[in-house]
Amino acid sequence: MSMKQHPTWLALEQHHLEIQNTHLRELFASSPTRGTDFSLEAAGLYLDYSKNRVSEKTLELLFALARASNLEPKREAMFMGEKINTTENRAVLHTALRAARDADVRVDGVNVIPEVYKVLDKMAAFAEQIRAGTWLGHTGKPIKNIVNIGIGGSDLGPVMAYKALGFYSSRGLTFRFVSNVDSTDFVENTRDLEPEETLFIVCSKTFTTQETMTNANTARAWALAALKDEAAISRHFVAVSTNAAAVAKFGIDTANMFGFWDWVGGRYSMTSAVGLSLMIAIGQNHYTQMLEGFRSMDTHFRTAPLEQNMPVILGLLGVWYNNFFGAASHAVLPYDHYLTYFSAYLQQLDMESNGKSTTLSGSRTDYQTGQIIWGQPGTNGQHAFYQLIHQGTKLIPCDFIAFSKSLNPRSNHHELLLANVFAQSQALAFGKTPEEVATDGVKPELIPHKVFEGNKPSNTILSSSLTPFSLGALVALYEHKVFVQGVIWEVNSFDQWGVELGKVLAQTIAPQLLEGQAAPTQQDSSTSTLIAKCQSQKF
């Protein structure tokens, strides 16, 4: 039976008909304490979800849906290392990457925690050598530049976290991140670097990822053009991989290979060896604090009752808007410049996880699944796309993320920033009626243009300041939110078969472009014409 036919889903559909026209102004007027009643704290984060179009009854029905979906046992199955990634027959244990050193988490009967800490300790020792200037390049010069080469989770996680924790990073080192197979990405990120002082971290589990290895081979050629000695590769390249043979063939000493496991999905791998560049940047102590933030949210998600569980509440609210209000997208709006890459990071985390149309049983879903995730830091977004959210025709739920204290206080900057966070969520919720506009002395013909309908839902996530701990808790919050929604929608949030077809087809097209052949007949007419047009412009 489709979840859409389940009594709990049908009850929510009926309830939606009852509440869909209820305005947030009414909900707040009927409950003077709504602002505190619909809030909770966990892992150093405060969530205000009062500005959502929900009542106590809505939440009761959503929690019933979660229980009908077996959320609690499925949550425990993930933490226990059961192979819940059924299409790849794998456990899903990113939570083990930040578990306590004395934890016992088993896969196929083997406790994986000792291996996790073996890698973490190796990362810490290597990072300290770089930070202390004792790891020398081929010519005897200390490493000053670190270039992370990866794509997807091997890039988005490290670059997001590096930018987010820039305040805590070593300013004597330069960090760059290369992911795009477009050669411009590599050229611009190495243009001002000295090969003698540059270390490349190549992140590829199989060491065969097309984009990553194309960039890695270009980096290899770039380094050798200056260093003139194959032996230099072992001092200027390290690998995050599980393919020792390919790593050695590349010229990297396998002693400088940092491994991880098939129970770590790419977009969940930030706290694996994929985070090596981040550990170099912020040091072991700050990295450990970040892991503690992850762990704190993991513990909360695993143990808190559904009614007091932050990831569960966020996940269910997303289902409410996606499946009952028809909201196609969700905006994540961090009011901290350090979180410039946070929304982009969440795009992969969420959209690659739950962008599925096939259920775990193999049937096609008869309901909408993952939402479109987007956003950028405030207040810039206010002068770009907020107009659409406020007065447009689309319902776009929002998450506002803010910090009470600035890491870089100047004058009244931070007070103005926070004022904008709170004002935006207030304006979205309550709007401005024609009568209120009229009392401002607005000309009658302009009143319709200055009315704000309001009733636009949002969450506000507040923390004291942006620290490694709070970043870890924040990322884990969204990881678990994605899990909750995947359970409700009955999809596998941990595979990504949808990215494969384009890669396979690219393998057949690339040789034709490289060799400058005539337009191939085996392609469709559009692709053949595009290849031919490209050839005519290129050669």
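Which residue in β7 does Ile149 stand opposite? In this predicted model, the residue that stands opposite Ile149 is Val202 in β7. Strand β5, which covers residues 145-149, runs parallel to strand β7, residues 198-203, and five bridges join the two. Both strands belong to an open sheet of five strands, in which the pairing is parallel and the order is β6-β5-β7-β8-β9. The edges of this sheet are formed by β6 (174-178) and β9 (257-258), each of which pairs on one side only. Helix α7, comprising residues 153-164, lies across β5, β6 and β7, and its direction makes an angle of about 150 degrees with that of β6.

The largest nonpolar core contains 122 residues, and the members that touch the most other members are Trp263, Ile280, Phe342, Leu471 and Tyr478. Helix α19 (residues 468-489) gives the most to this core, contributing 13 residues. When neighbours within four places in sequence are left aside, the contacts of Leu471 are with Met160, Ala161, Ala164, Leu165, Met290, Leu339 and Leu466. Another core, of 23 residues, lies apart from the largest one and includes Val178, Ala219, Phe237 and Phe250.

Charged side chains form 19 salt bridges in the model. In one of these, the side chains of Glu479 and Arg98 meet with an N to O distance of 2.6 Å. Because Glu479 lies in helix α19 whereas Arg98 lies in the loop between α5 (71-79) and β3 (106-107), this pair ties together parts that are 381 residues apart in sequence. Both partners fall under the 20% limit for burial: Glu479 is buried, with a relative accessible area of 2%, and Arg98 likewise counts as buried, at 1% relative accessibility.

A further salt bridge joins Asp121 to Arg101, with the closest N and O atoms 3.1 Å apart. Here Asp121 lies in helix α6 (residues 113-132) and Arg101 in the loop between α5 and β3, so the parts tied together are 20 residues apart in sequence. Asp121 counts as partly exposed, its relative accessibility being 34%. In the salt bridge between Glu230 and Arg220, the closest N and O atoms are 2.5 Å apart. Glu230 is placed in the loop between α9 (210-227) and α10 (233-236), and Arg220 in helix α9, so this pair ties together parts that are 10 residues apart in sequence. Arg220 is buried, with a relative accessible area of 18%.

Asn459 has its place in strand β13, which spans residues 458-463, and counts as buried because its relative accessibility is 4%. The side chain of Asn459 makes a polar contact, at 2.9 Å, with the side chain of Asp399. Not counting residues up to four places away in sequence, Asn459 touches Leu47, Asp48, Tyr49 and Asn52, together with Leu314 and Leu317, and also Cys398, Asp399 and Phe400.

Technical notes. Residues are numbered from 1 along each chain as its sequence is written. This is a predicted model: local features need pLDDT of at least 70, side-chain atom pairs count only at pLDDT 80 or more; totals for chains, interfaces and linings use all residues. Side-chain values use heavy atoms; hydrogens and water are left out. Helices (H or I, at least four residues) and strands (E, at least two) are DSSP runs, numbered from the N terminus. Buried means under 20% relative accessible area, exposed over 50%, partly exposed in between (1.4 Å probe, protein chains only). A polar contact is a pair of N or O atoms within 3.5 Å; within protein, one must be able to donate a hydrogen and the other to accept it, and residues adjacent in sequence count only if both atoms are side-chain atoms. Contact means heavy atoms within 4.5 Å. Two strands pair if DSSP finds at least two bridges between them. Axes are lines fitted to C-alpha atoms, for helices over the stretch in contact, and angles run from 0 to 180 degrees between N-to-C directions. A nonpolar core is a set of buried Ala, Val, Leu, Ile, Met, Phe, Trp, Tyr and Cys residues joined through side-chain atoms within 4.5 Å. A salt bridge is a side-chain nitrogen of Lys or Arg within 4 Å of a carboxyl oxygen of Asp or Glu.
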